[in-house]
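User: I'm new to this one. Could you walk me through how to read a few of its features?

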Amino acid sequence: MDGRCPLSRHLAGNELDISHFVQIRTSLVFLTLSVESIRSQAHSVGSPGTGDRLRLPPSRSVSQGTSRQDSRVQKMNNPAQISTYIKEQQKMALAGVRGHQPLQALLSFCASMEHLCSVAQPFLNYINLSAIITATAQLWTTARAKSSFQPSANMAGFDLKQFYSSILLQLEPMLPDVGAQAVSNILWSSAKLGLNPDAFVPGMTDALAATMLQLTKDKAGCQPNAQQCANFLWAFASMGHQPADKGLIDAVCQHFVRLIKHRDVSKRPNAQSAANLLWALASLGHQPADKGLVDAVSECFVRLIKHHDVSKQPNAQEAANLIWALASLGHQRADKGLIDAVCEHFVRLVKHHDISKRPNAQGAANLLWALASLGHQPEDKGLIDAVCNHFVRLIKHHDVSKRPNAQGAANVIWALGELNHEPPDGAASAILERLSVLCGLPRQAPNAQELSNTLLACAVLHLKVKDHVSLALVDGLLRLDRAHCSDQTYCNAAWSLAVLDKLCVDLFSLILGRLRPLSTEPAHNALPKQGLHQLYQALDFLQPLSTAAAQQLQEMMTRLGPRPLPDKRSAAYLCTSKHLCAALEQLGLAFTANVPLSGYWADAVLQPQDGVAAPVVLVPESYSGRFSNQEKRLTGRAVFRRALLAKQGKLVLIPEQELSRSLGDLADYIQQQVEDVTGDSLKPYIMS
């Protein structure tokens with residue numbers, strides 16, 4: 001009979017060759033794409049051109065359509081006519097993209113725009129070119145929303161980047177005349193297409209930004225509106241582009257705040273603009289110079305929640321984005337009532353009779369993640385349960401694309417752990433099952449941080465994790481390339497498995513083997529204190545061990561660093577500890593005060609004088625180790641603390657209220673508790 005635990009047996013002898021699976025999957029994907037390409041070309045006439053200008057492979061219908069439109073395009077001699085034509089072509093293409101031939105519709109639209117730019121070039125203005133880029137982005141985004149069709153930058157010979165570049169090059173000489181709407185649209189559309197203008201026309205992105213900066217100072221009524229400001233910053237954040245002028249972002253934000261206070265209500269930001277502006281700041285990692293900006297935008301958002309016109313109220317994604325942004329900006333001083341108002345609105349949308357109004361999985365996960373990051377406990381404890389239950393329903397959604405990804409599932413479990421919130425019945429097991437399934441899908445599998453956070457949350461929540469789930473999570477972590485994993489992810493995993501009672505010697509050895517040994521160079525010292533603390537607690541959990549196993553693991557641990565002392569205690573805690581020791585002295589007991597045991601401080605350890613009785617460990621019992629929504633239940637950390645201290649001797653937990661009593665009353669209480677756990681009198685512990 002193999003004495004190893006199921007996890008170590010699996011890792012040692014039943015490894016799945018992931019590389020073979022990936023090769024097979026890659027071959028199938030390549031074959032599918034090849035067939036799709038052949039099918040697309042079978043419907044097209046001609047081949048892509050090789051000249052300097054873009055040549056599209058028009059289908060027969062595209063060719064006929066271009067022929068019919070050619071005479072009309074030839075007659076165009078002003079921007080207004082051109083704008084009307086672009087809108088008509090976009091409308092036709094949008095119907096096609098939403099229909100059964102999205103690829104043909106995209107190609108047809110781009111062919112018509114390329115033809116327009118060629119024939120009517122002398123009459124094009126920046127508004128026309130901006131409209132072409134915007135329409136392309138909207139069609140591209142609509143096509144991506146179809147689960148059955150995913151456009152790529154090069155489809156059936158069509159090169160999106162070349163098409164986009166040709167429009168930008170025509171736009172470049174017109175930049176001095178570009179208005180706020182065009183700047184906003186060009187950058188928003190570029191971000192939607194996943195392209196940065198700078199990559200095609202160096203300096204264009206910052207040139208557009210400089211134009212926007214000037215427009216915020218314009219006194220002639222050409223200033224950007226709230227949506228244009230928000231879309232502008234959203235685009236920079238989505239492209240990951242930090243503007244060259246560091247004052248640009250603050251200037252746009254200040255203009256946005258002025259619009260919040262505008263006397264004309266119609267000029268004020270809507271919910272989407274408010275949420276997008278804060279989301280952009282958070283994504284760019286930009287702390288606004290105006291410290292009141294975040295509060296001003298948040299208060300504007302809450303006013304819209306209470307708006308009498310339902311159409312003006314934020315949707316679920318906007319609510320989730322706002323709370324996420326507050327958390328990402330580290331806005332811990334956010335008004336608690338404000339956060340609760342946004343959360344309550346979100347839950348109303350969770351229960352909305354119109355399914356399309358309900359949050360998606362990412363929105364639900366982001367909201368809970370944000371609450372945990374802000375350390376905010378909603379007044380209504382049922383709010384978190386409502387969001388969790390909605391998330392679980394999405395796991396079971398018939399449309400696979402609606403189901404949560406690994407990041408969302410890991411974030412929900414992590415948030416529950418951070419909030420010390422016991423999940424509603426069945427929610428945790430459903431989320432963990434989802435993660436275990438995703439672990440087997442190479443392109444959807446959770447990363448090291450997500451696996452580590454999930455295991456840690458399971459431990460903190462003291463969940464009953466099924467063997468096949470813990471196997472999938474640990475197996476997923478240990479299969480990842482070492483370069484993609486931090487030391488802390490392995491430390492979290494070892495500690496969590498110990499708390500969950502799923503750690504064995506073989507598995508612990510595997511995890512320790514992944515960690516970097518202590519370096520002799522000062523710049524690369526031992527593992528962080530938290531990591532070492534977790535590893536030594538995991539080692540203590542495995543005790544008692546055979547001599548050989550104990551020696552092997554101790555050697556591995558010594559290479560990683562020495563056992564750290566527990567964290568320093570507060571002055572108030574030390575005062576309480578002295579009170580407890582004074583009670584022991586009054587009883588005449590032999591004890592050692594302030595003893596570090598398994599990473600915790602024991603206020604006192606009673607030393608038996610007869611050499612036979614077991615030591616008695618006395619520690620305060622804190623209520624911080626209980627669930628926020630189930631005060632009678634202990635968290636995983638509290639349970640594990642008790643288990644490790646109990647390995648050191650007979651454990652006596654002293655409630656906080658007892659420690660506040662008089663010295664005589666506390667001494668009487670301790671005497672009773674010690675006699676109860678030892679089953680005897682205090683005699684073995686009386687000082688000689």
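User: Which residues are buried in α9?

Analyst: Quick ground rules. This is a predicted model, where local features need pLDDT of at least 70, side-chain atom pairs count only at pLDDT 80 or more, and totals for chains, interfaces and linings use all residues. Residues are numbered from 1 along each chain as its sequence is written, and side-chain values use heavy atoms, leaving out hydrogens and water. Buried means under 20% relative accessible area, exposed over 50%, partly exposed in between (1.4 Å probe, protein chains only). Helices (H or I, at least four residues) and strands (E, at least two) are DSSP runs, numbered from the N terminus. In α9, the buried ones are Met-204, Thr-205, Leu-208, Ala-209, Thr-211, Met-212, Leu-213, Leu-215 and Thr-216.

User: What do the buried residues of α9 pack against?

Analyst: Contact means heavy atoms within 4.5 Å. Here the buried residues of α9 pack against α7 (160–171), α8 (180–193), α10 (226–239) and α11 (248–260).

User: Which strand does β4 pair with over six bridges?

Analyst: Strands pair if DSSP finds at least two bridges between them. That partner is β3 (residues 591–597), and the pairing is antiparallel. Phe-591, for instance, has Leu-606 in β4 as its bridge partner. On to β5 (residues 616–621): three bridges join this strand to β4, again antiparallel, and Ala-604 stands opposite Leu-618 there.

User: Is β4 (residues 600–606) mostly covered or open?

Analyst: Mostly covered: six of its seven residues are buried.

User: How many disulfides are there?

Analyst: A disulfide is a pair of cysteine sulfur atoms within 2.5 Å. Searching the whole structure turns up zero.
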